[in-house]
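Open the structure in a viewer and keep the selection tool at hand. The tour below goes stop by stop, saying what to select and what is there.

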Amino acid sequence: KKTNDQRQTPQIPLQTEIAAEPQLSELASAFNRSLLWSGLAAAASGIGMVTFTTRRALAPVHVLNAAASEVAQGDLSHRVDANPGSELGDLGIAFNDMAGALEDAESERRRLVADIAHELRSPLTNIQGYLEAIKDGVLEADESTIETIYSQTKHLSALVEDLRLLALVEAGSLRLELTDADISELVSDAAEAFRPRAVDRSIALEVTVSVGLPSARLDPTRIRQVVSNLVENAITHTPDGGCVVVDVSPETPAGAAIISVSDTGTGISPEDLPHVFDRFYRVDPSRNRGTGGAGLGLTIVKRLVEVHGGKVDVSSVFGSETTFTAQIPFSGPRSDA
């Protein structure tokens, strides 16, 4: 006999179990398909967003790359739009600054080549003209003609030497012959060499030096050249009957010697004052050597003072006076190399 529990257990028909299996399978397949399509859609969306974001982020890099190619091909005027506040924006600003510096350097190079050609052409043309005149019999090779040719040759030689010295200094290749020297005596001797020229033009040349200055470590030849260029420049721009004062005194506190050269000349205008140490720059644009030379003297002064570890400055009252001041450390340049 069957027990009561067995009689009460419900029995599921076999047909119902068989029908439920396909429905579960279809549901699982649909769910899997939904997951697959959702994953593909999410992946495509993610790839699209990454691509869009990457292209947008790298767009300034592509612009910089194109601009760099333009600059490399010689278009130094090319610039990029850059806004500060981001790394790429700061990079763009740095690129524009670099391109501007390159453009300025190229303009300076072209101007320098033109100035050198101009300065070399004048004496060479004069020498050629005199020699052709002598060759054609127009002039005789007398003492006066030879002296004129010789003076033009000296002018040419001095210009080439100035250019050579300036190139060495600016390239950092100038070796100083450093020694301990009495800077007061050195400056006094260099200035006194111009006394005959000053007397010839009735210019009062006053040289005052402080007593007891310590020895300075310097290159006597180069410091003498600094003083000579400054005194020559002062005498050139001082009218007859004027005054040139050369002074040497210690800096306060005494760590350097102060060499000042003052004149009662024509002065320098405020527009010209920032450029007096530029190569080939002259207040008188006529390029008459008698009124200012080739425009390299003050540039050489600045470079030679700087290689000694010092600095040079200028102050002027237009139409009245000008003072150049050079600071030379007693200890010499930072390196003896």
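Start inside helix α4. Select Thr145, Ile149, Gln152, His155, Leu156, Leu159, Asp162, Leu163, Leu165, Leu166 and Val169, which are buried in α4. This is a predicted model.

Now widen the selection to residues 143-170, the whole of α4. The helix has 28 residues, and from its first C-alpha to its last it reaches 40 Å, close to the 40 Å expected at 1.5 Å a residue.

Next, go to the surface. Select Leu36, Trp37 and Leu40, a nonpolar patch with about 360 Å² of accessible area together. Leu40 belongs to helix α2, residues 14-72. Is Leu40 buried or partly exposed? Its relative accessibility is 45%, so Leu40 counts as partly exposed.

The remaining stops are salt bridges, of which the structure holds 11.

Select Arg217 and Asp180, whose closest N and O atoms are 3.6 Å apart in a salt bridge. This pair links distant parts of the chain, with Arg217 in strand β3 (residues 216-218) and Asp180 in strand β1 (residues 179-181), 37 residues apart. Asp180 counts as exposed because its relative accessibility is 53%, while Arg217, at 28%, counts as partly exposed.

Move on to Arg201 and Asp240, another salt bridge, with the closest N and O atoms 2.8 Å apart. Here too the pair joins distant parts of the chain, 39 residues apart. Arg201 is in the loop between α6 (195-200) and β2 (204-209), and Asp240 is in the loop between α7 and β4 (243-250). With a relative accessible area of 23%, Arg201 is partly exposed; Asp240, at 58% relative accessibility, counts as exposed.

Then select Arg195 and Glu192. In their salt bridge the closest N and O atoms are 2.6 Å apart. Arg195 is partly exposed, with a relative accessible area of 29%, and Glu192 also counts as partly exposed, at 32% relative accessibility.

For the last stop, select Glu106, Arg109 and Arg110, which are linked in a network of salt bridges.

Notes:
Residues numbered from 1 in each chain as written. Predicted model: local features only at pLDDT ≥ 70, side-chain atom pairs only at ≥ 80, totals over all residues. Heavy atoms only, no water. Helix = DSSP H or I, 4+ residues; strand = E, 2+ residues; numbered from the N terminus. Expected span 1.5 Å × (residues − 1). Buried < 20%, exposed > 50% of the residue type's maximum accessible area, 1.4 Å probe, protein only. Patch = residues over 30% accessible without salt bridge, like charges linked within 9 Å, V, L, I, M, F, W, Y side chains within 5 Å. Areas by Shrake-Rupley, 256 points an atom, 1.4 Å probe, with all protein chains shown as cover. Salt bridge = Lys/Arg side-chain N within 4 Å of Asp/Glu carboxyl O.
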